[in-house]
Amino acid sequence: MTNSASKSKQIAEGLLGIKAVFLSPNDPFTWASGIKSPIYCDNRLTLTAPKVRDVIEHEMARVIDEKFPECDVVMGTSTAGIAHAAISAHILGKPMGYVRGSSKSHGRNNRIEGKLEKGDKVVVVEDLISTGGSSIEVVEALREAGAEVLAVISIFTYETAKADKNFQDANVEKLSLCTISELIDTAVAENYVTSEEGKVIIEWLREI
């Protein structure tokens with residue numbers, strides 16, 4: 001098993017263990033949109049789980065360093081990506097900032113917080129990629145500010161076809177430390193769900 005695969009499994013175990021990702025195919029969650037979902041993800045819980053957090057942030061930093069050594073600035077998405085961007089940037093010794101969902105209505109009306117120069121090469125840190133819509137909005141804001149976005153890196157991804165299309169249309173690379181496929185494999189192996197329940201969750205995500 002490669003180091004990357006080993007870390008993916010370790011992250012999957014951590015996310016399941018602290019219920020940052022919770023699987024409930026027989027009693028689905030209701031999203032704000034009214035959609036019934038067999039999976040719930042709250043990666044903010046990783047911030048209060050130091051051992052899980054440490055693995056995630058060091059793996060995030062390793063991926064940025066190995067795949068995008070030319071990165072000038074690490075930018076987090078607001079709000080869930082901010083802490084992860086800050087910690088991984090600290091490990092790397094790189095500048096960090098974040099992108100608001102919308103511009104402030106006071107002061108300098110900033111949407112991008114932190115120093116960003118035109119031409120800076122940026123890696124965006126996201127907590128979760130579902131359909132990719134909010135991540136692409138951040139990419140567009142950074143491009144409008146003159147930055148070159150190298151990639152969006154998330155802790156976890158649902159691997160939806162819609163996300164694939166959105167990122168392809170935006171011409172930006174996406175990577176994730178752990179995927180739903182890897183997490184389901186781990187969940188089945190450790191008896192969080194049965195193999196059939198895992199298939200139900202994967203099939204549901206394919207329909208989004």
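1. Ground rules. Residues are numbered from 1 along each chain as its sequence is written, and side-chain values use heavy atoms, with hydrogens and water left out. Since this is a prediction, local features need pLDDT of at least 70 and side-chain atom pairs count only at pLDDT 80 or more, while totals for chains, interfaces and linings use all residues.

2. The sheet. Six strands make an open, mixed sheet in the order β7-β6-β5-β8-β9-β10. Strands here are DSSP runs of E of at least two residues, helices are runs of H or I of at least four, both numbered from the N terminus, and two strands pair if DSSP finds at least two bridges between them. The edges are β7 (112-113) and β10 (173-179); each has a single partner strand, so one side of each has no neighbour in the sheet.

3. Strand β5. Five of the five residues of β5 (residues 73-77) are buried, so the strand is largely enclosed by the rest of the structure; buried means under 20% relative accessible area, with a 1.4 Å probe and protein chains only. Val 73, Met 75 and Thr 77 point one way, Val 74 and Gly 76 the other.

4. Its neighbours. β5 runs parallel to β8 (residues 121-129), joined by four bridges, and Gly 76 has Val 125 as its bridge partner there. With β6 (residues 96-99) the pairing is also parallel, over four bridges, and Val 74 is partnered by Met 96. From β5 the chain passes through helix α3 (residues 82-92) to β6 in a right-handed β-α-β crossover (clockwise from the first strand over the helix to the second, with the strands pointing away from the viewer). On β6, the pairing with β7 is antiparallel, over two bridges.

5. Cores. The largest nonpolar core has 42 residues, and Leu 23, Ile 153, Phe 156 and Leu 183 have the most contacts inside it. A core is a set of buried Ala, Val, Leu, Ile, Met, Phe, Trp, Tyr and Cys residues joined through side-chain atoms within 4.5 Å. Another core, of 20 residues, lies apart from it and includes Met 75.

6. The largest pocket holds about 370 Å³, the space filled by probe spheres set on grid points joined across faces, edges and corners. A pocket is an open set of points on a 1 Å grid over the protein atoms alone where a 1.4 Å probe fits, with protein on both sides within 12 Å along at least five of seven lines; lining residues have an atom within 4 Å of a point. Of the 24 lining residues, Ser 78, Glu 126, Asp 127, Leu 128 and Ser 134 are closest to the centre. The largest share, five residues, comes from α4.

How values were computed:
Buried means under 20% relative accessible area, exposed over 50%, partly exposed in between (1.4 Å probe, protein chains only).
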